[in-house]
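Good morning, and thank you for joining the meeting. Please have the sequence and the model open while I speak.

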Amino acid sequence: MAFLFVDGWGLSDDPRSPLQRLDLPTLRGLSGGFSHQPFSQPHLAYRVLDARQGVEGLPQSGTGQTALLTGVKAARMLGHHQGPHPLRRLQTLLEEHSIQVWAARRGLRVWHANGYRGEYLERVTQSRRNLLSSFAYAARVAGLELLQMNHPKALLPAFWPEPEAAGQRFAELAQAHHLTILENWALDYTAHRQPEKLDERFVELDRFVYGFLNAGSELTLVLTADHGNAEEPWHPLHTLNPVPLILHGPLASHVPEMNSLTDLAPWLQKQLG
């Protein structure tokens, strides 16, 4: 199974949204035109997930990602949304209940495919506070290696010179593991800091997914997000919009109704067995 997580991607019907303006044939086809209505087809399941977790305020990365990985409404547990990095109570949740830790304890082969700059990994090691995202933190506490960018089995999170080839490479890496995770933080980052380049990030994501799907593998792709942001680049804030969940491949025929971020982790556990 290949899990492509995209930070900060919600759904929007607004004609100003990149989802409506841009030519994104792969993502559009997988989501029924970025629909707000779930549907199922052979080898494809599309669900729409509420990112709010029953808590007022704008969803954030720390609690959103933790909810995806643990099946626990992390924001409700805290009483507020928290981001960008998980603090102590979220760290404990990830240490005990994340899908990475769960899978590693059962002897499954799990791979965190992101490549990182060496200086960033050094700062992570030296810092007294956590600088890792929930995905990277869960990988580390599961005993997975955080790879440098030049590692032969590492992938860039985005900014791929050849997106289709990078998508094919993701599929190749995933063939060797029960669960392979790639965290794409570029949409959220770009929406906050370089909104003028956001169209490029959406197009390369579409091309990356196209490359993965055309790699000829029998893998199931899981593609989802933690909260909305990049779909509304005309303001600097996260959104209350729901997020897409796309499942493509053999396991897509075994997807029940899902409505919340917390519905994904239990399904992943059931499929990984």
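This is a predicted model: local features need pLDDT of at least 70, side-chain atom pairs count only at pLDDT 80 or more; totals for chains, interfaces and linings use all residues.

Residues are numbered from 1 along each chain as its sequence is written, and side-chain values use heavy atoms, with hydrogens and water left out.

I begin with the sheet. Helices (H or I, at least four residues) and strands (E, at least two) are DSSP runs, numbered from the N terminus. Two strands are paired if DSSP finds at least two bridges between them. On these terms there is an open sheet of 7 strands with mixed pairing, in the order β2-β3-β9-β8-β1-β7-β4. The edges are formed by β2 (39-41) and β4 (110-112); each has a single partner strand, so one side of each is left without a neighbour in the sheet. From one strand to the next, the twist averages 15°.

Let us turn to β8 and its partners. Strand β8 pairs with β1 in the parallel sense over 5 bridges, and with β9 in the antiparallel sense over 4 bridges. Leu 221 of β8 stands opposite Ala 2, and its bridge partner in β9 is His 248.

How many of the residues of β8 are buried? The count is 5 of 5, where buried means under 20% relative accessible area, exposed over 50%, and partly exposed in between (1.4 Å probe, protein chains only). In a regular strand the side chains alternate between the two faces of the sheet. In β8, Leu 221, Leu 223 and Ala 225 point one way, and Val 222 and Thr 224 the other.

Next, the helices. Axes are lines fitted to C-alpha atoms, for helices over the stretch in contact (heavy atoms within 4.5 Å), and angles run from 0 to 180 degrees between N-to-C directions. Helix α9 (residues 163-174) lies across β1, β7 and β8, at about 150° to β7. Helix α12 (residues 264-272) lies across β1, β7, β8 and β9, at about 165° to β8.

Finally, the loops. Between α4 and α5 lies Pro 84, joined to Gly 83 by a cis peptide bond with omega of about 0°. Phe 34, in the loop between α2 and β2, has a positive phi near 60° and is buried at 0% relative accessibility.
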